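Please read it alongside the model.

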Amino acid sequence: MNKRIAITGLGMVTALGFGAEANWAAMVAGRSGIRRITRFDTTGMRASIAGCVDLPEDKPGLPLSVSARAQRLGEAAVGEALAQAGLAAPFDGPLCIGMPPVEIEWPQRAGFGGTTYAGLIQAAAGQQALYEEFLFGGAATRIAERFGTRGVPQVVTTACASGASAIQLALEAIRRGEAKMAIAAGSEASLQPETLIRFGLLQALSTRNDDPEGASRPFTLSRDGFVMADGAGALILEDEDHARARGANILGYVLGAGEAADTFHRTRSAPDGSAIIRCMQRALDDAGLTPAEIGYVNAHGTSTPENDKMEAMAVRALFGDAPPPPVGSTKSMIGHTLSAAGAIEAGICLLALRHQMLPPTINQADVDPDLGVDTIPVARPHSFRAALSNSFGFGGQNVAVVIGAA
């Protein structure tokens, strides 16, 4: 349990582009990757904007499925992380990855006449390839095969905490001595008609369709919901001694992780923030740090009225009488990458530490004064040694990760 867990590689794909450093440059510049959805028809939908990562394989009217897109994005992020770490396939460690739940989507159903449940069952015979494509965990298995990881891939779906849960799985596997290194990743590609409609029915999405770049507005008085997004992030974690022995460049450390769940509601966390306070405190305890040693919080910061209020309150409670450190939400630029958010945002914390720079929370013209936190409206230099990355999922599934400087 005293092992120091080093980060030796980082990969990232978001609506701002492919590559961690390219994403970082765009974020520091305050760019938004949110735009109108063009790869499928959004007529009649409440939201028609997203953080889209369109791929060359997409066909007009029939874009890649969630599973295929998650595989492509995950491969891109993992490949970049391995290259930076100076590693190649086969990878002598496990793949721990957060993935969205998958099911056969309407375009595929319509393609073989299964638009009703009975028709779907009747048409399913002989659809082995389709079954394998949508098999839960199938995309992760194909990523594992591509990079030759050891053992069965550990696929986790804890809603919007999935990417952070994957980091926790990898961290604990190395600490227990089960592996010297591991890939911790998250990949998200749920941006398709059914999911967009369902989140719209929950009234969880921003409907600021006439202003895509200004739609995600965490911590403001005018926040009206989150913006869905594609994306993937991957970190190579190693036992510090193993990394040094092979001459790896250590980028930073995963110092600790904590989780806490509540049973308040299927989609809402307890309004008193008790579970997320416990989650953050457990991450700090695991890292052996006090709140005062955290210099930046990458908030879950979804831009929904309830989440932002509750998270700001919880952060203030965690830091007690002392003013909390700057609290930012990079979802303002890349949208909410759901299952991948924990991995992407831990990577953003790592980049912030390496550059000693805080990425901004854009669209802050009307900051909610009742939240009582510094929301970082513009990027600025900042001297700090540790950051806290928060990921809070539906069903009260909460994970916080502490990232330390090299």
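The sulfur of cysteine 279 lies 13 Å from the closest cysteine sulfur, that of cysteine 349, which is too far for a bond. The disulfide count is zero (a disulfide is a pair of cysteine sulfur atoms within 2.5 Å). This is a predicted model: local features need pLDDT of at least 70, side-chain atom pairs count only at pLDDT 80 or more, and totals for chains, interfaces and linings use all residues. Residues are numbered from 1 along each chain as its sequence is written, and side-chain values use heavy atoms, with hydrogens and water left out.

**Cysteines**
- Cysteine 279 is buried, at 0% relative accessible area (buried means under 20%, exposed over 50%, partly exposed in between; 1.4 Å probe, protein chains only).
- Cysteine 349 is also buried, at 0% relative accessibility.

**Salt bridges**
- The whole structure holds 20 salt bridges (a side-chain nitrogen of Lys or Arg within 4 Å of a carboxyl oxygen of Asp or Glu).
- Aspartate 54 pairs with arginine 39, with the closest N and O atoms 2.6 Å apart. Aspartate 54 sits in the loop between strand E4 (49-50) and H2, and arginine 39 in the loop between strand E3 (35-36) and E4, so the bridge ties together parts 15 residues apart in sequence. Helices (H or I, at least four residues) and strands (E, at least two) are DSSP runs, numbered from the N terminus.
- Aspartate 54 is partly exposed at 30%, whereas arginine 39 is buried at 7%.
- Arginine 217 and aspartate 366 form a salt bridge at 3.3 Å, N to O. The pair ties together parts 149 residues apart in sequence. Arginine 217 is buried at 12%; aspartate 366 is partly exposed at 21%.
- Glutamate 345 and lysine 331 meet at 2.8 Å, N to O. This bridge links helix H13 (residues 341-355) to helix H12 (residues 331-334).
- Shared partners join Arg35, Arg39, Asp54 and Asp230 into one network.

**Cavity**
- There is one cavity of 30 Å³ or more (on a 1 Å grid over the protein atoms alone, a set of points where a 1.4 Å probe fits but cannot get out).
- The largest cavity has a volume of about 70 Å³, the space filled by probe spheres set on the points.
- Its lining has 13 residues, of which Met99, Pro100, Val102, Gly137 and Ala139 are the closest to the centre. Lining residues have an atom within 4 Å of a point.
- Helix H2 (66-85) and helix H6 (138-147) each supply at least two lining residues.
- The lining divides into 10 nonpolar, three polar and no charged residues. Ala, Val, Leu, Ile, Met, Phe, Trp, Tyr, Cys and Pro count as nonpolar, Asp, Glu, Lys and Arg as charged, and the others, Gly among them, as polar.

Technical notes: On a 1 Å grid over the protein atoms alone, a cavity is a set of points where a 1.4 Å probe fits but cannot get out, and a pocket is an open set with protein on both sides within 12 Å along at least five of seven lines; lining residues have an atom within 4 Å of a point.
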